[in-house]
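I opened my notebook to look around a new structure, one piece at a time. Come along and check each entry against the picture.

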Amino acid sequence: MKSFISSPFKSEINSGSYAMTRTAPVLDNTFYHKGIIHRTALLLNPFYPKDPHSSFGKHVLTPSLALTSFAATTPAHWTVSYWDENLLKGHPPKEPFPEVVGITVHLTFARRAFELARWYRQRGSKVILGGLHVISCPEECAPHADALAIGDGVQLWPLILNDVETGRLRSRYESAYESDYSLDPAPRRSLIDPHSFLTTTSLIATRGCHNRCEFCYLSTAGLKMPYRTRDPQLIAKEFADNGQPYGVFIDNNLGSQPEYLRRLCRELRPLGKIWSAAVSLDITDHPDIVREMALSGCTGVFIGFESLSDENISDARKHSPRIADYARRVRIFHDVGIQVNGSFVLGFDHDRADVFERTTQWIESNRLECATFHILTPYPATPLFRKLDTEGRLLHKNWDLYDTAHVVFRPKHLSVEELAQGYAWCYQRLFSHRSIWLRRPTETRAVLPYLAMSYLYKKSNFFWHFLIRHNLTATVWRPLVEWTRWRHVCFRKRLELQTQKTSRRRVSQVVPAGV
């Protein structure tokens, strides 16, 4: 496998643009403010290093909804701002200096979150830490915060600000994910610079997933997130009100309740917009709903195939169709013009040296338009973490490297080096000219847009860095997005006519009951 790791990756890894995506801004330890501004809050998304093997573009596809959703519950007499370090705009805000700083914490950027927390606390701000790492490792996070927000931050944020104002801030706040989801306010998108992302219309219609895979963060001990849905009419209104042609659903699994997805599609259909979402492959149990997705504007789905081994899927406790049926189900999406971005995890206990070649060949033979690869990573407090820890297979607990791009455990049938090199090789092969061409759509009209997406999105990290650095992401991409929307509206009309003709044929073939 070592021979497959060739120079294009090495040269990119050593480039200046790559270095900029691996290093957080240096905090100014000489700075001290002229005074804290009371009733001001800053919501901060910390910097995290980018994997050079994958596209930098996915980091500015759409903003996270967590912090902007909290911002929507901020009391009217408070001033709130938002800062995302990954937009490469330099040092986090210093003036006006906030009374409260809310920081989201994921294990891969926990160290950076703690650095930011220390910097603001040393200067008098009250720091609130929330997010998945706070749920899974509260004892680790507590020393770095004035308060922890564990659970549904939308419910907790206004309570925390009220306690700050009245001088009664507690060290720990907890809330279950049990409220009526339709009562949550729409995210406060006005805090986001619309030029910084391909689209600011990130949407969330559901919470949770019907699966609890042992490696997924949703299986974290202490995280009880029942599947909840929002009123489809509210989602359609949010989409329409934001005025952008493309929306991204950031739900864990938009298709966990198929009939809900059907109702949502029917609300989205009149908008004439395009959207993408993550769904599980079993939504293809309902080809009619997949067609409804296409008719309502769905241009692409992200699907966690995870593995091409039934044994691996079973061990992971994932409810999924049999591997032998994957290809047929992919065609159900392709037949209605929906592109498939497949997610594959490498390093399961039944994976051997052939897993890399076998996985990429399957992706190419089934013409998946895109794929992402992940090294199996045991997130803290998940069943997988407990299993590997008990078996003595964890190599370390340096959370910086628990990013699915580094090997942090001892694989069963591969060496650590084989898994790391195989992961890099999969990306190199997938992004090669040959593989891009092999996976082109069968419909001639779709080939040019597919090639444009493949080369601009996957093979242009130097270009992405320039766009992010100079705040040009939306400016450059918006015309292509609008072109895609126009093409899809035309495609939808053809698909609708085809659907109507098929329905008429079926009706004409029905024999009257009296015959």
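**Entry 1: a pair of strands.** I began with L42, and I found that its bridge partner in β2 is S81. Remember that this is a predicted model. Zooming out, I saw that strand β1 (residues 36–45) and strand β2 (residues 79–84) run parallel and are joined by six bridges. I then followed the chain from β1 to β2: it passes through helix α3 (residues 66–71), and this β-α-β crossover is right-handed. A reminder to myself: strands of a sheet pair through backbone hydrogen bonds, either parallel or antiparallel.

**Entry 2: the six-stranded sheet.** In what order do the six strands of the open sheet come? I read off β7-β10-β11-β12-β13-β14, with parallel pairing. The edge strands are β7 (202–203) and β14 (370–375), and each of them pairs on one side only. Strand β10 (residues 246–249) runs parallel to strand β11 (residues 274–278), and three bridges join them. Y246 has I274 of β11 opposite.

Entry 3: I turned to helix α8 (residues 232–242) and helix α9 (residues 258–268), whose axes come within 9 Å and cross at roughly 40°. The crossing of α8 and α9 is right-handed. Which residues make the contact? From α8 I noted P232, Q233, I235, A236 and F239. From α9 I noted Y260, R263, L264, E267 and L268. Sorted by class, the contact of α8 with α9 has seven nonpolar residues, one polar and two charged.

**Entry 4: helix α10 and what follows.** I looked up which residues are buried in helix α10 (residues 287–295), and wrote down I289, V290, E292, M293, A294 and L295. Just after α10 comes G297, with a positive phi of about 115°.

Entry 5: Helix α12 (residues 326–334) lies across β12 (298–306) and β13 (339–346). I noted that α12 runs at about 165° to β12.

**Entry 6: one arginine.** R331 lies in helix α12. Is R331 buried, exposed or partly exposed? R331 counts as partly exposed because its relative accessibility is 45%, and the partly exposed class sits between under 20% for buried and over 50% for exposed. Last, I checked R331 against T284: they are 47 residues apart in sequence, and 9.6 Å apart in space from C-alpha to C-alpha.

Definitions and conventions. Residues are numbered from 1 along each chain as its sequence is written. This is a predicted model: local features need pLDDT of at least 70, side-chain atom pairs count only at pLDDT 80 or more; totals for chains, interfaces and linings use all residues. Side-chain values use heavy atoms; hydrogens and water are left out. Axes are lines fitted to C-alpha atoms, for helices over the stretch in contact, and angles run from 0 to 180 degrees between N-to-C directions. Helices (H or I, at least four residues) and strands (E, at least two) are DSSP runs, numbered from the N terminus. A crossing is left-handed if the near helix is turned anticlockwise from the far one by less than a right angle, and right-handed if clockwise. Contact means heavy atoms within 4.5 Å. Ala, Val, Leu, Ile, Met, Phe, Trp, Tyr, Cys and Pro count as nonpolar, Asp, Glu, Lys and Arg as charged, and the others, Gly among them, as polar. Two strands pair if DSSP finds at least two bridges between them. A crossover is right-handed if, with the strands pointing away from the viewer, the path from the first strand over the helix to the second runs clockwise. Buried means under 20% relative accessible area, exposed over 50%, partly exposed in between (1.4 Å probe, protein chains only).
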